[in-house]
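Below is a short briefing on one protein model. Please look over the sequence and the structure before reading the points.

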Amino acid sequence: MADLSALLMALIWPGVLLISVLVISRTMLVVARSGIRVEIFTREPILISTGRAPLRAEVGKVRI
């Protein structure tokens, strides 16, 4: 019986480490899939020019 409890105690830390790695990796996947949301608040309209020049927008304030 003492050998069984010693074996279980020896296996607890690798089990905890494995579960922790799985939880952290799962959390990282969820964050990566959801992406970063950016909200743009401005008092003036956003000016976008679409001529021969590349697309350009000017914003006064950004909250992440």
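The points below cover the model, its fold, its helix and its surface.

This is a predicted model, in which local features need pLDDT of at least 70 and side-chain atom pairs count only at pLDDT 80 or more, while totals for chains, interfaces and linings use all residues. Residues are numbered from 1 along each chain as its sequence is written, and side-chain values use heavy atoms, with hydrogens and water left out.

**Fold and confidence**
- The protein has one helix and four strands, in the order α-β-β-β-β along the sequence. Helices (H or I, at least four residues) and strands (E, at least two) are DSSP runs, numbered from the N terminus.
- The mean pLDDT (the predictor's confidence in each residue, from 0 to 100) is 76, and 55% of residues reach 70 or more.
- Among the elements, helix 1 has the highest mean pLDDT (87), and strand 2 (residues 47-49) has the lowest (62).

**Helix 1**
- The 33 residues of helix 1 should span 48 Å at 1.5 Å a residue, and the end C-alpha atoms are 48 Å apart, which agrees. The expected span is 1.5 Å times one less than the number of residues.
- Helix 1 has a kink of about 30° at isoleucine 12, shortly before proline 14. The bend is the angle between axes fitted to the seven residues ending at a residue and the seven starting there.
- Glycine 35 follows helix 1 and has a positive phi, near 80°.

**Surface**
- Of the 64 residues of the protein, 0% count as buried, meaning under 20% relative accessible area with a 1.4 Å probe, protein chains only.

Definitions and conventions. Buried < 20%, exposed > 50% of the residue type's maximum accessible area, 1.4 Å probe, protein only.
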